[in-house]
Amino acid sequence: MWVASETKRKVLSGSGTTAKEEAASPTELFGARRRSPGGFSLAPRRRTYVVSPRRRALRPGYSTTPRRRALPPGYSSPGYGTAGAAGAAGAAGAAGAAGAAGAGGIAGTQHGFGEGGVTVTHKSAGQVFKEKLHGAMFGFVLFVLGFPVLWFNEQRQAKMEALFGRAAKIARTNVDSEKVDPQNERCLVHMQGKTRTEEQLQDEVLGASIIVTGCAKLKRSAEMLQWVEQTTEEKKDDNYGGEEKITRYSYSQEWRSRWEDSRSFNDSSYMNPSPPCELGDKIQTAKRVNFGAFTLPSDLVNSLHSYINCTSESTLVGGSSRSFASVAERPPTQTMPINLPNGITLQMAQGFLEALREEYERGNGGAVGDFFDSVEGVSEEAGRTLESVESRVQSSGNPASTISSLATEWGLESQRTAPQTDMPTSSGGLQHAGSYIGLGSGNQVGDIRITFEKVPCGPATVFAVQSGDSFEPMEHTAEISADGKVSSGTGLREPLNPSSQDVGIDFDGSSASFSGGCCSCCQACGAVGTLIESGESIFQITERHASAKEVLQEAADAQNCCHTVGKYGGWLMMVIGLNMIFDPFPTLFRFIPFAGTYIQYFVGWITGVIAFLLGSTLAWLTIALAWLFARPAKSLQYFLVAFGFFAAIYALAAMYT
């Protein structure tokens with residue numbers, strides 16, 4: 001239990017714990033309260049404090065922050081920095097002017113934004129060096145994995161270029177989608193037509209339901225307005241190689257499609273209630289979607305993504321579909337269950353909120369202090385939460401708004417203010433609001449926003465291998481027979497079909513030979529290769545009528561984008577990995593007092609340049625080797641780039657030696 005003594009607070013555990021001395025009651029400690037012309041004059045053990053909504057004189061047992069009692073041993077309030085270092089946190093620039101109210105005090109939450117204090121941590125030179133050693137281990141893994149990423153990424157590009165070249169030569173274009181022609185069986189076909197389905201897709205959540213027809217997919221998205229914690233870090237070196245890290249916390253209200261667990265926040269006064277429904281996206285897909293006389297396989301149906309908003313087609317329980325453009329202006333109603341912090345009872349929360357209103361809205365100074373004196377059975381966790389909440393209100397530029405927001409977060413606002421009767425509400429608290437359905441006022445933490453979207457059936461173009469009345473992908477390992485039939489095999493062969501139609505794209509369709517993996521004995525490299533080389537096929541659908549050239553070009557553009565990301569991603573893995581491997585060496589200079597950190601930065605700059613040049617040399621050399629067997633001419637270009645980086649390393653070494 002959290003109790004007050006004459007000069008300190010004392011934390012007692014449950015009923016199983018005994019104490020040698022009992023804590024005196026507030027009346028015994030402070031005596032009866034009586035008024036005096038100058039303010040509230042309390043018993044001899046309580047000093048007089050000024051009747052002011054924002055400031056009063058301190059009493060014994062209070063810290064330097066107004067009305068802050070001394071903290072229990074080992075207790076650290078998240079709004080005041082680390083225990084025993086509150087002054088240091090304020091001196092470090094915690095929250096600007098809030099430092100005057102206590103080191104790193106909590107700023108206000110006007111317009112859905114607030115600050116949640118500052119924490120300061122310190123590391124010695126040895127701890128910094130140990131941290132760099134751990135980083136070097138991770139950097140080594142990153143550097144090693146960069147090789148297979150580059151290798152398999154380039155091999156995938158070479159295979160896909162060959163695949164696109166052959167597809168451009170053997171594709172049968174403008175095939176009729178309204179009939180299944182046996183002549184095109186196992187051939188790569190290009191068809192234009194329309195998708196259709198007879199199925200109904202339906203969904204229901206929180207009393208909102210929707211049924212759509214003629215749609216391939218239905219998606220429901222649910223978001224909740226929540227407090228989100230952001231952190232900014234500032235690191236400072238001391239004269240003995242140590243490092244001080246100052247972490248500042250701030251909070252903002254944002255719509256999020258996943259629940260932010262506020263229990264891990266630095267400031268426990270910012271709380272997110274549990275969502276009343278599943279957040280995120282839920283997608284339903286029609287089991288059978290037709291394309292002319294054909295049936296689309298599930299992979300092609302999943303590739304459809306032209307969503308349009310259909311929230312207006314939904315219905316609410318009770319049939320309400322009224323717009324609530326002015327709902328944010330009415331007092332919030334109790335649409336959420338009571339959600340109190342751990343250790344705080346309903347009676348305690350109501351009394352604390354009323355004390356906050358009495359002091360900060362009505363100007364009755366000392367009301368919060370009187371509440372703390374009168375309440376019994378406050379646990380350490382509850383006391384810490386109430387301290388933090390009061391600091392949040394005290395530092396706010398608009399206490400009334402902050403208190404109201406806090407009451408809503410706890411689910412207590414509607415107990416103080418009843419809803420207006422001249423403004424009807426729909427069943428379940430749901431309201432149509434244009435492109436979404438809202439639960440709540442739309443500006444309070446815990447409000448829900450739901451949207452429905454659908455993919456309607458319509459014009460489409462398919463580019464795939466015809467298989468019966470459906471389609472299959474054309475893999476890069478497929479074999480092409482003399483009559484243009486595509487079959488599975490170990491590698492592509494030059495097509496000999498004389499009736500094939502060139503779609504007019506300039507791809508290199510010549511045969512390409514590919515070597516094995518860069519290190520097939522390594523399971524990690526094999527896993528990377530399997531991941532990168534997945535989906536090496538042509539299996540396209542476009543939600544419009546397009547020519548074979550356009551469809552194939554879109555597929556090639558998508559592959560080129562993936563190739564570029566993989567190439568520069570692998571290059572960065574090698575450069576950053578090498579830099580992390582080299583990091584412990586310059587960190588050794590931190591052990592030199594005063595000048596050590598400056599030497600570290602200078603040596604670190606040199607090792608960073610070396611890591612960049614050496615990593616770039618190895619990266620482009622790996623790319624050149626990957627193209628050596630597939631495209632020797634292209635491989636030579638990459639060899640020249642690698643040689644340029646190597647020459648830069650040689651020149652740098654010669655300059656310093």
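In this presentation, a residue is called buried under 20% relative accessible area, exposed over 50%, and partly exposed in between, with a 1.4 Å probe and protein chains only. The structure is a predicted model, in which local features need pLDDT of at least 70, side-chain atom pairs count only at pLDDT 80 or more, and totals for chains, interfaces and linings use all residues. Residues are numbered from 1 along each chain as its sequence is written, and side-chain values use heavy atoms, with hydrogens and water left out.

I begin with the salt bridges. The term denotes a side-chain nitrogen of Lys or Arg within 4 Å of a carboxyl oxygen of Asp or Glu. Across the whole structure, a search finds 20 of them.

One of these joins Glu-472 to Arg-186, with 2.9 Å between the closest N and O atoms. Glu-472 lies in strand 21 (residues 470-472) and Arg-186 in the loop between strand 6 (172-176) and strand 7 (188-196), so the pair ties together parts that are 286 residues apart in sequence. Strands here are DSSP runs of E, at least two residues, and helices are runs of H or I, at least four, numbered from the N terminus. Glu-472 is partly exposed at 30% relative accessibility, and Arg-186 is likewise partly exposed at 26%.

A second pair is Glu-131 and Lys-123, whose side chains meet at 2.3 Å, N to O. Glu-131 is partly exposed at 36%, as is Lys-123 at 22%.

Finally, Glu-254, Arg-256, Arg-258 and Glu-260 are linked in a network of salt bridges.
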